[in-house]
Amino acid sequence: MSPAFWGAGAALLTALAAALADRRRRLRDDPDRVGWVDWRTVQMAALLATILLVSIGLHTG
């Protein structure tokens, strides 16, 4: 198995963790409290990395 697939798996887990963190942020009791991580951006970057790494893994065989 190509190392790119391992990276894609890690990126996918990061995207899932960011989705859960963003859900927690949306459902918190004090919506005016500002967090220090923009979880939607983290999730989008991780999904993009997943797509790119899967593409590289499929291309290299």
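Ala, Val, Leu, Ile, Met, Phe, Trp, Tyr, Cys and Pro count here as nonpolar, Asp, Glu, Lys and Arg as charged, and the others, Gly among them, as polar. The model is predicted: local features need pLDDT of at least 70, side-chain atom pairs count only at pLDDT 80 or more, and totals for chains, interfaces and linings use all residues. Residues are numbered from 1 along each chain as its sequence is written, and side-chain values use heavy atoms, with hydrogens and water left out.

**Exercise 1. Describe the lining of the largest pocket by class.**

Solution. 
- A pocket is an open set of points, on a 1 Å grid over the protein atoms alone, where a 1.4 Å probe fits, with protein on both sides within 12 Å along at least five of seven lines.
- Lining residues have an atom within 4 Å of a point; here they are A21, R24, R25, R28, R33, V34, G35, W36, V37 and W39.
- Sorted by class, the lining has 5 nonpolar, 1 polar and 4 charged residues.
- Helix 1 gives the largest share of this lining, 3 residues.

**Exercise 2. Find the helices and strands and judge the overall form.**

Solution. 
- Helices (H or I, at least four residues) and strands (E, at least two) are DSSP runs, numbered from the N terminus.
- The protein has 2 helices and 0 strands.
- Its radius of gyration, taken over C-alpha atoms, is 15 Å, well over the 10 Å of the globule rule (2.2 Å times the number of residues to the power 0.38) for 61 residues, so the protein is more spread out than a compact globule.
- The C-alpha trace spans about 50 × 15 × 15 Å along its principal axes.
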